[in-house]
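Subject: Handover of a structure and the findings from it

Dear colleague,

Please find below the sequence and the structure that I am handing over to you. My findings follow directly after it.

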Amino acid sequence: MIKTIAQNYIKQLSESICYGFATKMQASSTQKTKDSAGRRLGVKKFGGEEVFPNDILIRQRGFRWKPGQNTSVGKDHTIHSRVEGIVHFRRDPYKFKKTFYVDVIPRENPNRTHYPPPPYSYHPELFPELAKNNPEPLILLKQSEEKVEVQIKQQGFKISTKQFKAIQIPDDYKPEFTVSTLQQQLSINKQ
């Protein structure tokens, strides 16, 4: 009797429960979608580049590159130069791991921030005697007189062609090969 009551109760439950897909999407929360900007790590000055004191050579997390001579390390593992000179990378040959060291070879760098001043020249009308020693003025690139640009109208289109002056061949010039000698050589090759 209990068995029949239980079966009737399960039938009623199964008829009342509706199985099917939801017509609306359920609201959900997303996690781990935030991201920070990249930290711009890596080598900032490569081998052979000129550096000044306190220049940043490498930004890194951990010691992928190790500080060598004339370098210092910041609290975030950034390697700085201590002196003025040239960056040099080296590998320790006696270590099993490939560990690279960054050194700065001390050297005085040339001044490349400012151009040298132009030579002083006097005004020729105000100081004619001193203007005689003025340096020659800079000659800018001029268009070659031999090149002549000619526009030809051809069927309504403008075509620009560059023409050159003909080269004067001296009268005493004798080429090594003439047409007759070339013909003789060709006939010998065919036989």
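The side chains of Glu-50 and Arg-107 are joined by a polar contact of 3.2 Å. A polar contact here is a pair of N or O atoms within 3.5 Å; within protein, one atom must be able to donate a hydrogen and the other to accept it, and residues adjacent in sequence count only if both atoms are side-chain atoms.

The model is predicted: local features need pLDDT of at least 70, side-chain atom pairs count only at pLDDT 80 or more, and totals for chains, interfaces and linings use all residues. Residues are numbered from 1 along each chain as its sequence is written, and side-chain values use heavy atoms, with hydrogens and water left out.

Overall architecture

The protein chain contains three helices and ten strands. Helices (H or I, at least four residues) and strands (E, at least two) are DSSP runs, numbered from the N terminus. Along the sequence, their order is α-β-β-β-β-β-β-β-β-α-β-β-α. Of the 191 residues in the protein chain, 11% are buried; buried means under 20% relative accessible area, exposed over 50%, and partly exposed in between (1.4 Å probe, protein chains only). The protein chain exposes about 18,700 Å², and carbon and sulfur atoms supply 56% of that area. Accessible areas come from the Shrake-Rupley method with a 1.4 Å probe, and for residues only the protein chains shown count as cover. Among contacts in the protein chain with a separation of 6 or more, 36% are between residues 24 or more positions apart, where contact means heavy atoms within 4.5 Å.

Glu-50 and its surroundings

Glu-50 is found in strand S2 and, at 26% relative accessibility, counts as partly exposed. Setting aside neighbours within four places in sequence, Glu-50 is in contact with Lys-45, Gly-85, Arg-107, Asn-109, Pro-110 and Arg-112. The C-alpha atoms of Glu-50 and Asn-109 are separated by 6.8 Å, although these residues are 59 residues apart along the chain.

Salt bridges

A search of the whole structure finds three salt bridges, a salt bridge being a side-chain nitrogen of Lys or Arg within 4 Å of a carboxyl oxygen of Asp or Glu.

Arg-107 is partly exposed, with a relative accessible area of 38%.

Another salt bridge brings together the side chains of Arg-59 and Asp-76 (3.3 Å, N to O). Arg-59 lies in strand S3 (residues 56-59) and Asp-76 in the loop between strand S5 (71-73) and strand S6 (79-81), so the pair ties together parts that are 17 residues apart in sequence. Arg-59 counts as partly exposed at 30% relative accessibility, and Asp-76 is partly exposed with a relative accessible area of 30%.

Asp-103 forms a salt bridge with Arg-90, with the closest N and O atoms 2.5 Å apart. Because Asp-103 lies in strand S8 and Arg-90 in strand S7 (residues 85-91), the pair ties together parts that are 13 residues apart in sequence. Asp-103 is buried, with a relative accessible area of 5%, whereas Arg-90 counts as partly exposed at 33%.

Nonpolar core

Which residues make up the largest nonpolar core? The core has eight residues: Val-51, Leu-57, Ile-58, Trp-65, Ile-79, Val-87, Val-102 and Val-104. The elements that give two or more residues to this core are S3 and S8. A nonpolar core is a set of buried Ala, Val, Leu, Ile, Met, Phe, Trp, Tyr and Cys residues joined through side-chain atoms within 4.5 Å. Not counting residues up to four places away in sequence, Ile-79 touches several residues, including Leu-57, Ile-58 and Trp-65.

Most residues other than glycine have a negative phi. Asn-70, which is not a glycine, has a positive phi of about 60°. Asn-70 lies in the loop between strand S4 (65-67) and S5 and is partly exposed, with a relative accessible area of 26%. His-77, also not a glycine, has a positive phi of about 70°. His-77 lies in the loop between S5 and S6 and counts as partly exposed at 27% relative accessibility.

Yours sincerely
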